[in-house]
Amino acid sequence: MKIKTYIDYITFSPEIRTSATGLADALDCVKSHDEVTRWLTQSHFCPNDLWSEVEDKVDLKKGKLVLDDTVVPKPHSSLENSDLVQYYHQSEGFVKGINVVQMLWVDGEKVIPIDFRIVEKDSGISKNDIAQEMLKTAYQRGFRGIHVLFDSWYGANETLRLIVKLGFNYTTRFKKNRRGIVNGINVKIATIVSQSAKIVTIPGVGDVKVFVTDPDIILATSLLKSTRKQTLQRYRVRWRIEEFFRAAKQVYRLGGCQARNSNAWQTHIYASILAYARNALAGVNHYQIKRLAQQQMLGGYLAA
């Protein structure tokens, strides 16, 4: 079975959740659900496979890199029998699922997934460790002088230092308890910044420019000459990754796999991200795809 077959199915099937049986019933080219199950469990795709699909369409010196993660809920999965499923703390409380860290390249209306990692349980590797690995990979792939956007979760000192070392810049959000040095005094940044910008020294990192956009949001950028308007406009681009995750889940069934096997889930997640990438490169509206699926128009539409 080819990956395009699976991508067509998860994109166009009107079923709420995908299944090997559903795919075998939907497409004549698939002989049985066992063929689908074998393909999911025995295929091996990696982030480099995604990059090979998109690299020719990405400008290494333009645009922005956006980092964030999402949890694919798996409320009924066994923690004991999965290398991927664990509990994560989110705004709504603890959620059991699979954590996917994603990097996008964004340039205007172009939103292209270029890298991803699936957090493995008990690996001892944090999301900041993964972010640093992805940033190093971006540099190795040839990105130069590019701007990186992320929320406060990825604002560890080690990550900020690495971004500067690689010759990149960043705009991020700081937590209210983040500390910095102003006039030789180490204080909580939230107590000294106001609507006007402040240059603050972050111990172990260096100088950053900080802004308060409302009482609970502190933005920080490594571009010390950036204005408030420029910083806000730049950080708003980070929202594109939230839109990506919504489309990946609603249109490309990121959380729709019913397999129990960890490798099957890794294959499914890769296929969902690749489906988004191929349609983004083809200039296809993702929610137009959703409407076609609701009309039960299956197959043959993806540019692949």
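This is a predicted model: local features need pLDDT of at least 70, side-chain atom pairs count only at pLDDT 80 or more; totals for chains, interfaces and linings use all residues.
**Entry 1: cysteines**

A disulfide is a covalent bond between the sulfur atoms of two cysteines.

Cysteine 257 is buried, at 3%.

I also wanted to know where cysteine 257 is. I found cysteine 257 in the loop between helix H8 (239–250) and H9. From there I looked across to threonine 267, which is ten residues away in sequence. In space, the C-alpha atoms of cysteine 257 and threonine 267 are 9.8 Å apart.

**Entry 2: H3 against H9**

Threonine 267 turned up again here, as one of the H9 residues that touch H3. I looked at how helix H3 (residues 33–42) lies on H9: the axes come within 6 Å and cross at roughly 90°. So H3 is roughly perpendicular to H9. Which residues make the contact? From H3 I wrote down Trp39, Leu40, Thr41 and Gln42. From H9 I have Asn263, Ala264, Thr267 and His268. Sorted by class, the contact of H3 with H9 has five polar residues, three nonpolar and no charged ones.

**Entry 3: H1 against H9**

H9 (residues 262–281) also packs with helix H1 (residues 3–12). I noted an angle of about 80° and axes 9 Å apart. H1 and H9 are therefore roughly perpendicular to each other. On the H1 side I listed Ile3, Lys4, Tyr6, Ile7, Ile10 and Thr11. They meet H9 residues including His268, Tyr270, Leu274 and Arg278. For the contact of H1 with H9, I get eight nonpolar, three polar and two charged residues. His268 is one to remember, as it is in the H3 contact and also in the H1 contact.

**Entry 4: a hairpin**

Last, I turned to the strands. Which way do E7 (residues 179–182) and E8 (residues 185–188) run, parallel or antiparallel? They run antiparallel, and four bridges join them. Valine 182 stands opposite isoleucine 185 in E8. E7 and E8 form a hairpin with two residues between them. In the turn I checked asparagine 183, which has a positive phi of about 55°.

Key. Residues are numbered from 1 along each chain as its sequence is written. Side-chain values use heavy atoms; hydrogens and water are left out. Buried means under 20% relative accessible area, exposed over 50%, partly exposed in between (1.4 Å probe, protein chains only). Axes are lines fitted to C-alpha atoms, for helices over the stretch in contact, and angles run from 0 to 180 degrees between N-to-C directions. Angles under 35 degrees count as roughly parallel, over 145 as roughly antiparallel, 65 to 115 as roughly perpendicular and the rest as oblique. Contact means heavy atoms within 4.5 Å. Ala, Val, Leu, Ile, Met, Phe, Trp, Tyr, Cys and Pro count as nonpolar, Asp, Glu, Lys and Arg as charged, and the others, Gly among them, as polar. Two strands pair if DSSP finds at least two bridges between them.
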